[in-house]
Amino acid sequence: MSHSSDLIAEDIEGYLKSHEHKGLLRFITCGSVDDGKSTLIGRLLFESKLLFEDQLAAIEADSKKYGTQGGEMDFALLVDGLAAEREQGITIDVAYRFFSTEKRKFIVADTPGHEQYTRNMVTGASTADAAILMVDARHGILTQTRRHSFLMSLMGMRHIIVAINKMDLVDYSKARYDQIVEEYRAFAKQLGLENITFIPMSALKGDNVIEHSTKMPWYHGTTLMGYLETVEVDDERLQRSPFRMPVQWVNRPNLDFRGFTGMIASGVVRPGDPIRVQPSGKTSTVSRIYTFDGDLEEAVAGQSITLLLDDEIDISRGDIISGVDQPAHTADQFETTLVWMHEAPLLPGRPYLMKLGTQLVSATVTDIKYQVNVNTLEHTAGKQLDLNGIGVCTISLNRAVAFDAYKENQDTGGFILIDRMTNNTVGAGMLHFALRRSQNIHMQHVDIDKQARALAKGQKPAVLWFTGLSGAGKSTIANLVEKKLFGNGQHTYLLDGDNVRHGLNRDLGFTDADRVENVRRVAETAKLMVDAGLIVMSAFISPFRSERQLARDLLEEGEFIEVYVDAPLDVVEARDPKGLYKKARRGELKNFTGIDSAYEAPESPDVHLKTSEMSAEEAADAVIEALRERGLIS
């Protein structure tokens, strides 16, 4: 089975020890459809002799049934495991495979070639040290070749092999090889790609994969395996970088032990080294480096350790421990490049969760500066990012975090965005730099605060957020509630959807992106009014749960009361006080909620008013009673 089978039989402990200390290289294969990525990986697995006899027998049988080589061994079937892939002869999912040689261990990710699976390629590249870009010698540089090259430059790939494959189908022509090399070098120069190695090969025949081919005597460079066994892995480079360790866990088994556990992202640490904790900026000194196998005198990038410090300072999960001389940066606003990975588009203003290392914070994309056409590298304007879209965006966080630029450290500069409602990963991004305004804008202390203003008014401030379809009765009920509160001596204000669009939001339309921004502005305005000590009524359709959650998150616990004004579509259409439903049905009014734009009903509203079963007066009284039960009014 293995290239080391003799050693296993003679000295199993020696074999395991030698295998344990081998370096590990992670790499990806990418390129256009049918350029030979899966075939190449199958060839590497076959040549490394890591296949069992029953696997070889199965591949021989499958080659006759599914293969594309006329019944001969089809190495691609070792990797293309999905039935859909075998039927179509293409790769859909990211397939990971392990193999090893005498010099190194490898994990290879076979990434899809189709445009619609761009996000899969980004996923595979996120942990890779090197990339093999496959080019069919017959077809040369294609659109997907350019697309994957752009993504590699985006992901900061440092080692790129351009494998000019299927040379056997062009009679091993040096002229054809030179033509492709010249064309790709010109394109790579536009992207700033460096450290490119070109290798002419035939993955199917094995030319220049493991050994030099006798059919291409004009090529004097390395073989593919020779390159993979000697190229520098990222851990070696990261050990020369400034020390970074994101804290994953505060280890406190007893009163006498308090350590901080995590994997070292970069650099080296030793007992006695001074450190700085970000984002707090507190400093201390390393007293011990603890591991399960005992204390270490030195720990390097890639190792998981527990640090003990000389001082009792406050450190939590998500903090980054840095070297004191070159600490991580801290900020709460950034310019980023974002790859969108979800069917529902990215809309500026919508809140997401950002996971940056071990840090989890609330994040909002405040602006899409431009989108990138990966086929032409053209920059285009856009209000949203669709599936597989790539854009340069500004992102704002709810608090400062520690970070490095992605090009300096992928672990502390790469992040994912998570949908707050579904917990799905919807985007992956790279931090470029902190925005200057994040360093220059600070909260100003004021002596008269919200509590003082509320005390002067003799009430507890809150927002009553009325949501529901057009015609459900939101404005009518909110108006009645305000009259009752005002008559009871409360200080109030009513923010009505139609009225606000005549002033504050007059520049916004009714697209999903504009609806998100509409609600965001109203939520921020309502927050200021609550800070002034008022009870605020907000009557907006606000169709998306995520935006209503954004408004809730802006306020303190108990200050946001979601009032669902619930009426069936047929009831509100029958009412149609403004004639809007009739216009929408006739196609005269686009993006109308309930007709051609979705309304996401609250799942657990604080107050549920079924206005098809109660009068507006009864609904207003129900809201007043809910306020009394919560102690907001007497």
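A residue is called buried when its relative accessible area is under 20%, exposed when that area is over 50%, and partly exposed in between (1.4 Å probe, protein chains only). Cys393 counts as buried because its relative accessibility is 0%. Cys30 is also buried, because its relative accessibility is 0%.

Before going further, here is how to read what follows. This is a predicted model, in which local features need pLDDT of at least 70 and side-chain atom pairs count only at pLDDT 80 or more, while totals for chains, interfaces and linings use all residues. Residues are numbered from 1 along each chain as its sequence is written, and side-chain values use heavy atoms, with hydrogens and water left out.

Let's move to the strands. Helices (H or I, at least four residues) and strands (E, at least two) are DSSP runs, numbered from the N terminus, and two strands pair if DSSP finds at least two bridges between them. Strand E18 (residues 359–372) runs antiparallel to E17, joined to it by 6 bridges. Pro351 has Thr364 of E18 as its bridge partner. The hairpin of E17 and E18 has 2 residues between the strands, and Gly357 there takes a positive phi near 65°.

E18 also pairs with strand E20 (residues 390–403), in the antiparallel sense over 7 bridges. Here Thr364 turns up again, standing opposite Ser396 in E20. Strand E19 (residues 379–380) is antiparallel to E18 too, with 2 bridges between them; Val372 has His379 in E19 as its bridge partner. The hairpin formed by E18 and E19 has 6 residues between the strands, and Leu377 in its turn has a positive phi of about 65°.

Strand E17 leads us on to helix H17. Which residues of helix H17 (residues 545–553) are buried? They are Ser546, Glu547, Arg548, Leu550 and Ala551. Their cover includes strand E17 (351–356), strand E23 (462–467), helix H16 (512–531) and strand E26 (560–566).

Finally, a word on confidence: pLDDT is the predictor's confidence in each residue, from 0 to 100. The protein chain averages 84, and 86% of the residues score at least 70. Residues 1–5 stay under 50 and have 16 contacts (heavy atoms within 4.5 Å) beyond four places in sequence. Residues 81–92 are likewise below 50, with 25 contacts in the model beyond near neighbours in sequence. Where pLDDT is low, the predicted coordinates should not be read in detail.
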